[in-house]
Amino acid sequence: MEHSAVSNNIDISKKLIITEFIGLLLCLILSFVFHFAYEWLNKSPIIAWLFATNESVWEHGKIIFYPFLIFSIIEYVIIKPDNKVFITAKAIPLVFCIPIMVAFFYTYSGIIGKNFTAVDISLAIFLVIAMFAVSYKIISNGYVAKYWYIYLAVAILFVVLLITFTYYPPHINLFYDQLQNKYGIK
(Lines give C-alpha, C1' and ligand atoms only; values in the text may rest on other atoms or scores of the structure.)
Protein backbone atom coordinates (compact mmCIF):
# COMPACT_ATOMS: atom_id res chain seq x y z
CA MET A 1 0.00 0.00 0.00
CA GLU A 2 2.83 2.39 0.83
CA HIS A 3 4.40 1.79 -2.59
CA SER A 4 1.26 2.94 -4.42
CA ALA A 5 1.13 6.10 -2.28
CA VAL A 6 4.74 6.88 -3.21
CA SER A 7 3.99 6.07 -6.85
CA ASN A 8 0.91 8.33 -6.74
CA ASN A 9 2.98 11.20 -5.27
CA ILE A 10 5.56 10.74 -8.04
CA ASP A 11 2.79 10.79 -10.67
CA ILE A 12 1.34 13.97 -9.15
CA SER A 13 4.81 15.51 -8.96
CA LYS A 14 5.52 14.70 -12.62
CA LYS A 15 2.13 16.06 -13.63
CA LEU A 16 2.81 19.22 -11.61
CA ILE A 17 6.25 19.75 -13.18
CA ILE A 18 4.79 19.26 -16.64
CA THR A 19 1.80 21.54 -16.09
CA GLU A 20 3.90 24.25 -14.44
CA PHE A 21 6.48 24.16 -17.27
CA ILE A 22 3.79 24.25 -19.96
CA GLY A 23 2.09 27.04 -18.02
CA LEU A 24 5.32 29.01 -17.86
CA LEU A 25 5.85 28.76 -21.62
CA LEU A 26 2.21 29.49 -22.34
CA CYS A 27 2.16 32.52 -20.03
CA LEU A 28 5.32 33.93 -21.60
CA ILE A 29 3.67 33.65 -25.03
CA LEU A 30 0.35 34.98 -23.74
CA SER A 31 2.10 37.97 -22.15
CA PHE A 32 3.15 39.02 -25.65
CA VAL A 33 -0.36 38.35 -27.00
CA PHE A 34 -2.03 40.22 -24.12
CA HIS A 35 0.20 43.22 -24.81
CA PHE A 36 -1.07 43.58 -28.39
CA ALA A 37 -4.50 41.88 -28.43
CA TYR A 38 -6.49 45.02 -27.67
CA GLU A 39 -5.02 46.70 -30.72
CA TRP A 40 -5.34 43.56 -32.86
CA LEU A 41 -9.02 43.31 -31.92
CA ASN A 42 -9.79 46.86 -33.09
CA LYS A 43 -9.65 48.42 -29.60
CA SER A 44 -13.04 47.09 -28.62
CA PRO A 45 -14.11 48.45 -25.21
CA ILE A 46 -15.79 45.10 -24.52
CA ILE A 47 -12.44 43.29 -24.25
CA ALA A 48 -10.43 46.21 -22.83
CA TRP A 49 -10.69 44.84 -19.27
CA LEU A 50 -8.59 41.80 -20.24
CA PHE A 51 -5.79 43.21 -22.37
CA ALA A 52 -3.27 46.04 -22.04
CA THR A 53 -5.04 49.03 -23.59
CA ASN A 54 -2.16 51.48 -23.50
CA GLU A 55 1.49 51.83 -22.49
CA SER A 56 0.88 52.82 -18.86
CA VAL A 57 2.64 50.85 -16.15
CA TRP A 58 -0.71 49.75 -14.69
CA GLU A 59 -1.99 48.32 -17.97
CA HIS A 60 1.19 46.27 -18.32
CA GLY A 61 0.26 44.47 -15.11
CA LYS A 62 -2.48 42.73 -17.11
CA ILE A 63 0.06 41.00 -19.35
CA ILE A 64 1.50 39.03 -16.43
CA PHE A 65 -1.56 38.82 -14.16
CA TYR A 66 -4.27 37.50 -16.48
CA PRO A 67 -2.29 34.80 -18.32
CA PHE A 68 -1.21 33.37 -14.93
CA LEU A 69 -4.77 33.54 -13.61
CA ILE A 70 -6.25 31.89 -16.70
CA PHE A 71 -3.67 29.13 -16.72
CA SER A 72 -4.15 28.57 -12.99
CA ILE A 73 -7.83 27.85 -13.60
CA ILE A 74 -6.94 25.40 -16.37
CA GLU A 75 -4.23 23.80 -14.22
CA TYR A 76 -6.69 23.33 -11.36
CA VAL A 77 -8.88 21.22 -13.62
CA ILE A 78 -5.88 19.20 -14.85
CA ILE A 79 -4.12 18.37 -11.58
CA LYS A 80 -7.12 18.43 -9.19
CA PRO A 81 -5.06 19.69 -6.25
CA ASP A 82 -5.84 20.32 -2.60
CA ASN A 83 -7.91 23.53 -2.70
CA LYS A 84 -6.19 25.49 0.09
CA VAL A 85 -2.70 24.57 -1.11
CA PHE A 86 -3.54 25.47 -4.70
CA ILE A 87 -5.20 28.76 -3.75
CA THR A 88 -2.16 29.65 -1.64
CA ALA A 89 0.17 28.73 -4.51
CA LYS A 90 -1.66 30.78 -7.11
CA ALA A 91 -2.96 33.71 -5.07
CA ILE A 92 0.41 34.69 -3.56
CA PRO A 93 2.07 35.27 -6.98
CA LEU A 94 -1.04 37.10 -8.21
CA VAL A 95 -1.06 39.38 -5.17
CA PHE A 96 2.60 40.31 -5.47
CA CYS A 97 3.30 40.39 -9.23
CA ILE A 98 1.86 43.84 -9.98
CA PRO A 99 3.25 45.60 -6.87
CA ILE A 100 6.72 44.13 -7.54
CA MET A 101 6.53 45.13 -11.22
CA VAL A 102 5.47 48.68 -10.33
CA ALA A 103 8.10 49.03 -7.58
CA PHE A 104 10.91 47.72 -9.76
CA PHE A 105 9.88 49.82 -12.77
CA TYR A 106 9.68 53.08 -10.84
CA THR A 107 12.85 52.35 -8.86
CA TYR A 108 15.08 51.59 -11.83
CA SER A 109 13.57 54.24 -14.14
CA GLY A 110 13.69 56.79 -11.32
CA ILE A 111 17.36 56.12 -10.63
CA ILE A 112 18.37 56.11 -14.29
CA GLY A 113 15.95 58.85 -15.34
CA LYS A 114 14.23 56.83 -18.07
CA ASN A 115 13.06 53.32 -18.82
CA PHE A 116 14.36 50.83 -21.36
CA THR A 117 12.12 48.43 -23.27
CA ALA A 118 14.66 45.60 -22.94
CA VAL A 119 14.68 45.98 -19.14
CA ASP A 120 10.87 46.16 -19.03
CA ILE A 121 10.56 42.96 -21.10
CA SER A 122 13.21 41.24 -18.96
CA LEU A 123 11.30 42.26 -15.84
CA ALA A 124 8.07 40.76 -17.20
CA ILE A 125 9.86 37.52 -18.11
CA PHE A 126 11.52 37.37 -14.70
CA LEU A 127 8.20 37.95 -12.92
CA VAL A 128 6.41 35.20 -14.87
CA ILE A 129 9.24 32.76 -14.11
CA ALA A 130 9.20 33.78 -10.43
CA MET A 131 5.42 33.36 -10.25
CA PHE A 132 5.67 29.79 -11.49
CA ALA A 133 8.68 29.03 -9.28
CA VAL A 134 6.80 30.21 -6.19
CA SER A 135 3.66 28.37 -7.25
CA TYR A 136 5.54 25.11 -7.86
CA LYS A 137 7.40 25.33 -4.55
CA ILE A 138 4.19 25.95 -2.60
CA ILE A 139 2.27 23.12 -4.27
CA SER A 140 5.12 20.61 -4.12
CA ASN A 141 5.63 21.34 -0.40
CA GLY A 142 1.90 21.25 0.34
CA TYR A 143 2.10 24.64 2.04
CA VAL A 144 -1.14 26.31 3.11
CA ALA A 145 -0.90 29.94 4.17
CA LYS A 146 -2.52 30.54 7.54
CA TYR A 147 -4.67 33.27 6.02
CA TRP A 148 -4.96 31.82 2.49
CA TYR A 149 -8.41 33.36 2.09
CA ILE A 150 -6.94 36.86 2.47
CA TYR A 151 -4.56 36.19 -0.43
CA LEU A 152 -7.53 34.98 -2.45
CA ALA A 153 -9.56 38.08 -1.55
CA VAL A 154 -6.69 40.39 -2.51
CA ALA A 155 -6.20 38.55 -5.83
CA ILE A 156 -9.92 39.01 -6.54
CA LEU A 157 -9.58 42.67 -5.55
CA PHE A 158 -6.81 43.01 -8.15
CA VAL A 159 -9.17 41.66 -10.81
CA VAL A 160 -11.76 44.24 -9.78
CA LEU A 161 -9.13 47.01 -9.81
CA LEU A 162 -7.73 45.95 -13.19
CA ILE A 163 -11.21 46.06 -14.68
CA THR A 164 -12.30 49.28 -12.96
CA PHE A 165 -9.12 51.22 -13.70
CA THR A 166 -9.23 50.19 -17.36
CA TYR A 167 -12.42 52.18 -17.79
CA TYR A 168 -12.03 54.74 -14.99
CA PRO A 169 -8.33 55.28 -14.33
CA PRO A 170 -7.22 57.74 -11.66
CA HIS A 171 -5.27 60.60 -13.21
CA ILE A 172 -1.91 59.74 -11.69
CA ASN A 173 1.33 58.68 -13.33
CA LEU A 174 0.76 54.94 -12.76
CA PHE A 175 -2.17 55.04 -15.20
CA TYR A 176 -0.75 57.58 -17.67
CA ASP A 177 0.32 56.53 -21.16
CA GLN A 178 3.06 59.00 -22.11
CA LEU A 179 3.24 57.76 -25.71
CA GLN A 180 -0.42 58.47 -26.42
CA ASN A 181 -0.85 61.22 -23.81
CA LYS A 182 -3.90 59.60 -22.26
CA TYR A 183 -5.35 57.60 -19.39
CA GLY A 184 -7.27 54.36 -19.86
CA ILE A 185 -9.07 53.68 -23.11
CA LYS A 186 -10.19 57.23 -23.85
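How many disulfides does the structure hold? The structure holds zero, a disulfide being a pair of cysteine sulfur atoms within 2.5 Å. This is a predicted model, in which local features need pLDDT of at least 70 and side-chain atom pairs count only at pLDDT 80 or more, while totals for chains, interfaces and linings use all residues. Residues are numbered from 1 along each chain as its sequence is written, and side-chain values use heavy atoms, with hydrogens and water left out.

Select Cys 27 and Cys 97. Their sulfurs are 11 Å apart, too far for a bond. Cys 27 is buried, at 2% relative accessible area (buried means under 20%, exposed over 50%, partly exposed in between, with a 1.4 Å probe and protein chains only). Cys 97 is buried as well, at 1%.

Next, select Phe 34, Trp 58, Ile 64, Phe 65, Ile 98, Met 101 and Phe 132. These have the most contacts inside the largest nonpolar core, which has 39 residues. Such a core is a set of buried Ala, Val, Leu, Ile, Met, Phe, Trp, Tyr and Cys residues joined through side-chain atoms within 4.5 Å. Helix 3 gives the most to this core, nine residues; helices (H or I, at least four residues) are DSSP runs numbered from the N terminus.

Centre on Phe 132. Leaving aside neighbours within four places in sequence, its contacts (heavy atoms within 4.5 Å) are Glu 20, Gly 23, Leu 24, Cys 27, Phe 68 and Phe 71.

Finally, select Phe 104, which is found in helix 3. Phe 104 counts as partly exposed because its relative accessibility is 40%.

Definitions and conventions. Helices (H or I, at least four residues) and strands (E, at least two) are DSSP runs, numbered from the N terminus.
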